Amino acid sequence: MPQKFMKTDVVVIGGGVTGTGILLDLSLRGIDAILIEKEDLANGASGRFHGLLHSGGRYAVSDPESAKECIEENLILKKIMPDAIEDTGGLFIQLIEDDDTFVFEWLKGCQKAGIPVKEISWEEIREPHLTDRVKRAFLVPDASIDGFLMVNLLAEAAKERGARVKTYTEVLEIIAEDSRVSGVRVLDKRANQEITIQANIVVNAAGAWVDAVAESAGIALPIQPNQGSLLVFHHRLTNRVINRLRKPGDADIFVPAGPVTILGTTSIKPEHIDEPSASLEEIERLLDIGAELLPNLKDHRILRSYAGIRPLYSSDTVDEGRDISRSFHIINHEKDGLKGFISVLGGKLTTYRLMAEKTVDEVCGMLGIDVPGITADTKISRTIKGITGQLLCDCESVGTNDLEYWLNTNEALGLNDLRRRTRLGMGTCQGTFCGYRAAGYLTDRGRDGLEELNSFLYERNKGTRLSKGQQTVENALNRAIYLGLFNLNERGPKDG
Ligand SMILES: Cc1cc2nc3c(=O)[nH]c(=O)nc-3n(C[C@H](O)[C@H](O)[C@H](O)COP(=O)(O)OP(=O)(O)OC[C@H]3O[C@@H](n4cnc5c(N)ncnc54)[C@H](O)[C@@H]3O)c2cc1C
């Protein structure tokens, strides 16, 4: 296999919000860095989360440290990333049967964390689908985030400042000499080429794979992977984020996200972390509990389900799922006998900027550099070009110019990558009509459109297999259109 060498100050492993946030912070402090992502950007939890910019209210009782971090970061992100955030506001709803003592503790916790809370009357709630069994309702500054856009904005802003991003490149090994990191060995999957990247510092921000990457350096990290599953409803069922005001549990948050609503989550031990998916049992549970807040929930069409993995860090093995703190951890592995290697884990998408800043402070300390972080005051606006052209996806208004822009970056090549970058196929028809058109466009560009279409439909089909009601009609149409070509439950053409 051909070999290649590259050199930088810092290698960042993982193209989720943590890795891209760290890359931007490094580039703003003038530190040369390369980000390595084994698939496309936002392949992990950052593309499979709930979409909530937390006010901190959810953690006000159970995890005061996270609550404080969330409200502080919530206010900063609304200022610096307005393009990726919709400031919907949020409601915490106590139902008649919910515990008054918890509400009292919650109000105290919010006050302590600095979360602004305002009680409103039934007339002021104005949420038509909400049950009338509301006892009390409180407004908080929750909001909705487009995670795909956020990750792309961070990566683009870092690249504008000289950082490099390599997608479809997997870190195989952390290289060390004399108990000090000297770089990484990676595989560029598209070129089928191994590359040795020399670096002084390696930052492991590999999300649910953080322990596997640490393991390649001979270091054991106590990670408990935890799966959360979510349901996407076909339109906005709520105007604001709606949280159930009781001890955090399953299915107690509705997030309005663009044209849809996302209900979640669950908290279970995953079967596998590479291709997580919601089980029928989880879907039933989400619907049953969600219907306590929105009684006509089961009449609404579910577009799809999906699942993401939280890499919860606990050195205490008696901790279980929701009881493990959602705060973050930055581990300098000098304590494990390896200098120049840091792992970053836990936390929330809401707190990515703070995690990145603290990580880069640590990196600066290791490099002997004294430059303060400025991300809290650096506005990141949408400079991503594209914007429609000939229409391909009606549901999400995506056109040929949008695909062209990302194809030209040479980072996003396949239809699934283009979906993550542009939202193609994410709307009501779930790719039924735009799939053919986009595949035709790729074929015109000299790519294997049929192969791309197959992979795209397989991915879309994964989240709709367990669909119910109205959505089964849409799925039947999808199958009728495509079944001549593909078996949608597998990759590959129909007859082998
Ligand atoms: C179900 C669920 C719901 C959530 N809801 C919310 C919410 O509403 N609000 C909120 O603030 N937070 C939420 N979170 C938390 C949030 O999603 C995560 O904190 C955040 O996305 C983590 O980002 P990350 O970059 O650390 O990890 P990831 O996004 O998982 O990124 C890690 C990346 O590393 C890459 N990688 C792994 N191994 C290698 C390797 N060897 N070489 C190269 N690359 C590699 C992966 O492909 C992946 O892209 C939720 C999490 C889950 C699971």
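Reader: Which residues cover the two faces of E17, and are they buried or exposed?

Author: In a regular strand, side chains alternate between the two faces of the sheet. In this predicted model, Ile253, Val255 and Ala257 lie on one side of E17, with Phe254 and Pro256 on the other, and all are buried. Buried means under 20% relative accessible area, exposed over 50%, and partly exposed in between (1.4 Å probe, protein chains only). Strands (E, at least two residues) are DSSP runs, numbered from the N terminus.

Reader: Why is strand E17 largely enclosed?

Author: Five of the five residues of E17 (residues 253–257) are buried, so the rest of the structure largely encloses this strand.

Reader: Which strands pair with E17?

Author: Two strands pair if DSSP finds at least two bridges between them. Strand E16 (residues 241–244) is joined to E17 by two bridges and runs antiparallel to it; here Asn243 has Ile253 as its bridge partner. With strand E18 (residues 260–264), E17 pairs over five bridges, also antiparallel, and Ile253 is partnered there by Gly264.

Reader: What lies between E17 and E18 in their hairpin?

Author: Two residues separate the strands, and Gly258 takes a positive phi near 55 degrees.

Reader: Where does E17 sit in the sheet?

Author: The open sheet has eight strands in the order E7-E8-E6-E16-E17-E18-E15-E19, with mixed pairing. Strands E7 (118–120) and E19 (302–313) are the edges, each pairing on one side only.

Reader: What should I know about the numbering and cut-offs?

Author: Residues are numbered from 1 along each chain as its sequence is written. Local features need pLDDT of at least 70, and side-chain atom pairs count only at pLDDT 80 or more, while totals for chains, interfaces and linings use all residues; side-chain values use heavy atoms, leaving out hydrogens and water.

How values were computed:
Helices (H or I, at least four residues) and strands (E, at least two) are DSSP runs, numbered from the N terminus.
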